[in-house]
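Student: I would like to go through this structure feature by feature. Please give the general idea each time, then the case at hand.

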Amino acid sequence: MPLKIEILNLGEYEAEWSRQVQYKTPGRLVKTKVVSYLILGSEEGPILVDTGFRQLPGAERPVNSTDPYSLESQLDRFGLKAADIRYIIHTHLHAGHCGRDDIFPTSSTVVINRRELEVGCSGIDCEDYAAVDMKHLIDRVHTQGAAWLLDLDTGTAVEIVKGVSLELSGGHTEGSANVLVETEDGVAVICGDLVFHVHEQLVAPMGQINHREPRISGSMAVSQVAERTALKKALAKASWLLPMHDAPARVAPGGLVTGRVTGTSIPGPVTELEAFRTT
Amino acid sequence: MPLEIEVLTIGQVYAERAFEVKHMQPGRVVRVPTNVFLIKGLPVGPILVDSGFRTPEIMETIGMRATVSEHEHLEVQLAERGIARDEIRYIIHTHLHIDHAGKTDLFPMSTTAIMAREEIAHAAGGLAGWAYPSQDVKHMIDRVYTKDAAWLVDGKTGDVIELFDGVAIEFAGGHSAGSINVLVETDDGIANLCGDVIYSLKNQCRQPFAERNCYEPRISGNTVFGEREEKRAMKNVYYNCRWIVPTHDTPVRMLDDKARTLGGALAGNIIPGPLAA
């Protein structure tokens, strides 16, 4: 059965523009989606990529299982319960990406690049990583089979199940990983927070003069060169680029974004961009 | 006031000889002390170096028997000296292994725990899961997230950072990813509180097991670095101080006139102090 990726809508929050797109209108807020991706079609069972926030920024209370945009409600659309998820793969461990790992039993194995867990616990960024999330993951690390730690380097990707692999992103955070999914219509790259905003960073990248030069985000822990290299690497591999805070993009060879996903599945319907980039 | 170091033995551990000294007498178990240290004479009050293991039982999780006698308990020893826990302003961790950070949670968050960032990172990453108990790691994460409860030092092997007048830390580059040596300037030269970079002064330095070359230390069987890095880290300690102060052995004073040559062992528990005959 071919692999298919479903977009799970986990709500939205207001983020600051210059965190998403470096130096863009500092102080102004932008509505920002939060998604998880559900990979269906593997013989080993459903796979989830990231689990969203424990409590959306600005929300008055933590996410409740009965909320329409909770992970539970979204999984229910597919008749799935938390315990049905075989693997939870993390692009990285910022609070908006692993906040609800603790609704899953330890039989749902969490897949993490070890360096990301190390960084998350190291105090290098207490704002973006949450202590409560880190401590849950420490419990998993000390529970038989509850965590699968990868030691990703810049070399070969690691296959998790047939058609789904992880590779070191090289951008955003020190341990961020891209999830590569082989679909019937090319490779989908789930790129974590390498890309926050497809239009402002890739389609009409603010302030870029050079050909096919993306705009980096304002939330990166690595160097500018590393961030740019990582963006270009992800684009070069992708037929589909799936960020965690925006609608996915259709990507042509050469890293050119040619359309946006308008449905809820990848592969799925695409709206061609009205104006193609010329630079 | 000149700085001095008081050695507090907080328990005994029964460990494989080959764990202490690589490939030496495998299967033979030896009893070694677990020490923590008080650095005295600073205006901030006494500084504790390491906090020992949580309980004897937790050592069983790594297959080691341990004992703590009534008078060995860290809490008892501090009380006997009239030191309340909240009077310890800083705890420096040479590293975060099971027998070095187990009792840090007895101290309030106003006691700042000092450690290398790479050590807490490595402890959390699960690479040596058994050596870093989840209770200890989670307590450290709480400190990392509590204002001023942790002081994380960043650096690379060989970097020396002076934290207090006469007290510096040095990135060891041996034993564990973020091991640091604590260098204390005493009236009798530098005392190097080297954690587990050296376990056994006799079998690793004085009569190094199976080594043939001049001043070549024997590495331990518990390392995360390569052999060359371990040797460099050990030589850095034993070539460059007056007192070698390991966690699991009696401190030794180096000879004045013969560099790199071990002299006598400390007789009492204060450094500098008289040597055993």
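Predicted model: local features only at pLDDT ≥ 70, side-chain atom pairs only at ≥ 80, totals over all residues.

Student: What secondary structure does chain B contain?

Tutor: Chain B has seven helices and 15 strands. As for overall dimensions, its radius of gyration is 17 Å, close to the 19 Å that the globule rule gives for 277 residues, so chain B is as compact as a globular protein of that length. Along the principal axes, the C-alpha atoms of chain B fill a box of roughly 50 × 40 × 40 Å. Of its 277 residues, 48% count as buried.

Student: How should I read strand pairing?

Tutor: In general, strands of a sheet pair through backbone hydrogen bonds, either parallel or antiparallel. In chain B, strand 5 (residues 90-92) and strand 6 run parallel and are joined by three bridges. B:Ile92 has B:Ile114 in strand 6 as its bridge partner. Strand 6 of chain B also runs parallel to strand 7, with four bridges between them. There, B:Ala113 is the bridge partner of B:Ala150 in strand 7.

Student: In what order do the seven strands of the open sheet in chain A lie?

Tutor: The order is 6-5-4-3-2-1-14, and the pairing is mixed. Strand 6 (147-150) and strand 14 (265-266) of chain A are at the edges, each with a single partner strand, so one side of each has no neighbour in the sheet. Strand 1 (residues 4-16) and strand 14 of chain A run antiparallel and are joined by two bridges. A:Glu6 stands opposite A:Ser265 in strand 14 of chain A.

Student: Which helix packs on that sheet of chain A?

Tutor: Helix 4 (residues 114-121) of chain A does, touching strand 5 (109-113) and strand 6 of chain A. The direction of this helix makes about 80° with that of strand 5.

Student: Is helix 5 of chain B largely enclosed or left open by the rest of the structure?

Tutor: Eight of the 11 residues of helix 5 of chain B are buried, so this helix is largely enclosed by the rest of the structure. Among the buried residues are B:Asp136, B:Lys138, B:His139 and B:Arg143, as well as B:Val137 and B:Met140. The cover over the buried residues of the helix includes elements of both chains: helix 4 and helix 5 (131-141) of chain A, together with strand 6 (112-116), helix 4 and strand 7 of chain B.

Student: Now a loop residue. Does B:Gln207 count as buried or exposed?

Tutor: B:Gln207 has 12 C-beta neighbours inside 10 Å, and a residue with 12 or fewer is exposed, so B:Gln207 counts as exposed. This residue is found in the loop between helix 6 (201-206) and helix 7 (227-238) of chain B. B:Gln207 and B:Pro217 are 10 residues apart in sequence, and their C-alpha atoms are 8.5 Å apart in space.

Technical notes: Residues numbered from 1 in each chain as written. Chains lettered and ligands numbered in written order. Pairing = 2+ DSSP bridges. Contact = placed C-beta atoms within 7 Å. Axes fitted to C-alpha atoms, helices over the stretch in contact; angles between N-to-C directions. Rg over C-alpha atoms; globule rule 2.2 N^0.38 Å. Buried ≥ 20, exposed ≤ 12 C-beta atoms within 10 Å, placed from the backbone.
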